[in-house]
Amino acid sequence: MKPIEINDFLQADVIGQQETLKFVAVAIFKHIQGERYGNLLMIGNSGTGKTTIMRSMERLYEKHEEFHANRVVCIMNANQFASEEGIVDPNRLLVRLEERAREILGEDATADEIGNYMERATVCIDEIDKISAIVGGKPYVTGINIQQGLLTLIEGERILYPVTIYKNKQLEKAAIHVDTGKMLFLCAGAFESLYDQVYRRVTSPTSRVKLPAETVYENGEVQIREYFTLRHWFKQEDLFDYGMQPQFLSRFDN
């Protein structure tokens, strides 16, 4: 499928968000071609369709047989990568990918087949804003650790991982190497305070920015109102101030 065909499928599932779906369609196309880059970070309030897009990607793989090897999709919250003690464990992701690969391939799957399907997985990480390095104006060590752990996974790491296989009708472990750099990572978060943060920056007296205005007719009067939209004034540096580390953000294409 070409990117435009993938985009058409997604648009049939998701109302609005046409611009976002174009980026997602290109990311999926890169992924199924085996390219190592295409990871995306989606920012949007609750209800804007972030999880719906993730589910639509999953349906795309399910409904097209040529995507059989890409059907391993894992949707999880960012905080699930760490234990209660704040220790980041990449195996928490790999265990879920292995379970999904075995569901698709069946009990007779070999270790290499399971590993191949795991490497071609699409990993959807929700609530990525909850692992900010700053919470309540104070450093959040667990958030920093999770960002560092995810950074390593997203940029690509060969992890020695023991998969469980059936051999001679018995379960046994087989060690394989899983290259996370072949996976597609789609992260999303509401970043609820980001709107106010950017608004304060844009409208501060030192910014010397004049917001655009529109003419509206209300209650029999013509009024001129200034308006502010996050998407037009957002800069990547705003996420640094929010608490997302530059090294982590650099692993996303868009």
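User: Is Arg71 buried or exposed?
Analyst: Arg71 counts as buried, at 10% relative accessibility. One thing to keep in mind as we go: this is a predicted model.

User: Which residue meets the side chain of Arg71 in a salt bridge?
Analyst: That would be Glu65, with an N to O distance of 3.4 Å.

User: And Glu65, buried or exposed?
Analyst: Glu65 is exposed, with a relative accessible area of 55%.

User: Where do Arg100 and Glu103 lie?
Analyst: Both are in helix H4, which covers residues 91-105, and they are 3 residues apart, about one turn of the helix. In an α-helix there are 3.6 residues a turn, so residues three or four places apart point the same way.

User: What about Lys130, which residue does it form a salt bridge with?
Analyst: Lys130 pairs with Asp129, and their closest N and O atoms are 3.3 Å apart. Asp129 counts as buried at 6% relative accessibility, while Lys130 counts as partly exposed at 37%.

User: Which residues do salt bridges with shared partners join into one network?
Analyst: Glu62, Arg100 and Glu103 are joined into one network that way.

User: Back to H4, then. How many residues does it have, and how far does it reach?
Analyst: H4 has 15 residues and reaches 20 Å from its first C-alpha to its last. That is close to the 21 Å expected at 1.5 Å a residue.

User: Which residues of H4 are buried?
Analyst: The buried ones are Leu93, Leu94, Leu97, Glu98, Arg100, Ala101 and Ile104.

User: What follows H4?
Analyst: Gly106 does, and its phi is positive, near 95 degrees.

User: How do H4 and H5 cross?
Analyst: The axes of H4 and helix H5, residues 111-119, come within 9 Å and cross at roughly 115 degrees. H4 passes H5 in a right-handed crossing.

User: Which residues meet there?
Analyst: From H4 you have Leu94, Leu97, Glu98, Ala101, Arg102, Ile104 and Leu105, and in H5 they meet Glu113, Ile114, Tyr117 and Met118. The residues of this contact divide into 8 nonpolar, no polar and 3 charged.

User: Let's zoom out. How many helices and strands are in the protein chain?
Analyst: The protein chain has 10 helices and 10 strands. Its C-alpha trace spans about 80 × 45 × 30 Å along the principal axes.

User: How much of the protein chain counts as buried?
Analyst: Of its 254 residues, 44% count as buried. As for contacts between residues at least 6 apart in sequence, 66% of them join residues at least 24 apart.

User: What about Arg208, where is it and what is its phi?
Analyst: Arg208 is in the loop between H7 and strand E9 (213-218). Its phi is positive, about 55 degrees, although Arg208 is not a glycine. Arg208 is exposed, with a relative accessible area of 81%.

User: Last stop, Gln245. Where does it lie, and what does it touch?
Analyst: Gln245 lies in the loop between helix H9 (236-242) and helix H10 (246-249). Leaving out residues up to four places away in sequence, Gln245 touches Ile144, Gln147 and Gln148. At 15% relative accessibility, Gln245 counts as buried.

Conventions. Residues numbered from 1 in each chain as written. Predicted model: local features only at pLDDT ≥ 70, side-chain atom pairs only at ≥ 80, totals over all residues. Heavy atoms only, no water. Salt bridge = Lys/Arg side-chain N within 4 Å of Asp/Glu carboxyl O. Buried < 20%, exposed > 50% of the residue type's maximum accessible area, 1.4 Å probe, protein only. Helix = DSSP H or I, 4+ residues; strand = E, 2+ residues; numbered from the N terminus. Axes fitted to C-alpha atoms, helices over the stretch in contact; angles between N-to-C directions. Left-handed = near helix turned anticlockwise from the far one by under 90°. Contact = heavy atoms within 4.5 Å. Nonpolar A, V, L, I, M, F, W, Y, C, P; charged D, E, K, R; others polar. Expected span 1.5 Å × (residues − 1).
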